[in-house]
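Biologist: I would like to learn how to read a protein model step by step. Could we look at one together?
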Amino acid sequence: MTRMRKFILSWPVMLTAAAVSLASQVLSTSVHAGSVSSFYSDLGEDGWSVDASIFECSLIQQIPNFGTAVFYHQAGESMRFYLRSPNSPMQEGRALLTSQPPRWRQDLQVRDLAYVDVQRSRQPVIMDAAQSQLLIAELGRGMVPTLMRRAWFSDTESVHVGISPVRFGEAYAEYHQCQGNLLPVNFGQIERSTVFWATGQRELNDEQRAQLDDIATYMKADPGVHAVDINGFTDSAGNARDNLELSRIRAFAVQTYLIEQGIDENMLTTRYFGSTPQFRIVRNEQSAEDRDRNRRVTLRLHRHADDD
């Protein structure tokens, strides 16, 4: 069950005179002197909200007349940050990311942090985990990370989008707790899984068990998963009868392990095909690497469409 809490901002973040001066300097190569369109959270607007579940975590701030700023972490993936806007005024290219002091801390200095790619889309800015951590660090210091870019509709107007640090710490603590509770994988990572086997191997090793542990953990957490197809295959080495039996042993080893981890046996459909040519990944094996790819047990998870 997803839960959401909101943390209300108690002050308006305003663009400082220093920021305007800096913008005119640092953007001089891409923006002519002119006006600045500033987008910051206003007094009385909803501030940070945390959307938390074991599948994904979001830390969100509304930016009036622009859209939202979002720290997002999906299970099994790295965290990222993005701006979401139905009609971003920022021109495609590279924006300057700066760290601005809040208006009551003018003793602090404006700092240039990085250049960030801007796209003409509903998510004009997307930052990776390292850049996201940089933003978090600046917000934790009470600074106002601000993106500066020329407007797409005017060569004489620049756009500044700022993220408020007000009550960030409280919201981030809940977001960070959510991150610690995320599942090890997401559905997309395990929907089609392959367990590879060594030559002659009949029993699961530690690495294979760990892979199946992640699958079982996800299945028990997501009631939308209702069935799993388990299929065993071998390479072409040896005779067909022995290969069929070996594929059976491996497929049922996977099934048995999932049942031992608490998966309902009725959800599992297990088949085995030996070295049947039409089911090989590499039809005509020419090397040990080709045979390695064909020795496998595949799992295909099925989830109700309403849970996508």
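Biologist: Is Asn-65 buried or exposed, and why?

Modeller: Buried means under 20% relative accessible area, exposed over 50%, and partly exposed in between, with a 1.4 Å probe and protein chains only. Asn-65 counts as exposed because its relative accessibility is 75%. Before we go on, please keep in mind that this is a predicted model, in which local features need pLDDT of at least 70, side-chain atom pairs count only at pLDDT 80 or more, and totals for chains, interfaces and linings use all residues. Residues are numbered from 1 along each chain as its sequence is written, and side-chain values use heavy atoms, with hydrogens and water left out.

Biologist: Where is Asn-65 found, and what is its phi?

Modeller: Helices (H or I, at least four residues) and strands (E, at least two) are DSSP runs, numbered from the N terminus. Asn-65 is found in the loop between β4 (56–63) and β5 (67–74), and its phi is near 65 degrees, a positive value in a residue other than glycine.

Biologist: In what order do the strands of the open sheet of 4 strands stand?

Modeller: Two strands pair if DSSP finds at least two bridges between them. Here the order is β12-β15-β13-β14, and the pairing is mixed. β12 (192–196) and β14 (268–272) each have a single partner strand, so one side of each is left without a neighbour in the sheet. The strands β12 and β15 (residues 296–303) run antiparallel and are joined by 5 bridges, and Arg-192 stands opposite Arg-300 in β15.

Biologist: Which strands does helix α5 touch?

Modeller: Contact means heavy atoms within 4.5 Å, while axes are lines fitted to C-alpha atoms, for helices over the stretch in contact, and angles run from 0 to 180 degrees between N-to-C directions. Helix α5 (residues 206–221) packs on the sheet and touches β12, β13 (225–233) and β15, its direction making about 155 degrees with that of β12. Helix α6 (residues 240–260) also packs on the sheet, touching β13, β14 and β15, and its direction makes about 165 degrees with that of β14.

Biologist: How many residues does the largest nonpolar core have?

Modeller: In soluble globular proteins, nonpolar side chains tend to be buried together. A nonpolar core is a set of buried Ala, Val, Leu, Ile, Met, Phe, Trp, Tyr and Cys residues joined through side-chain atoms within 4.5 Å. The largest one has 62 residues, and those with the most contacts inside it are Phe-71 and Leu-299. Not counting residues up to four places away in sequence, Phe-71 touches several residues, including Trp-48, Phe-81 and Tyr-175.
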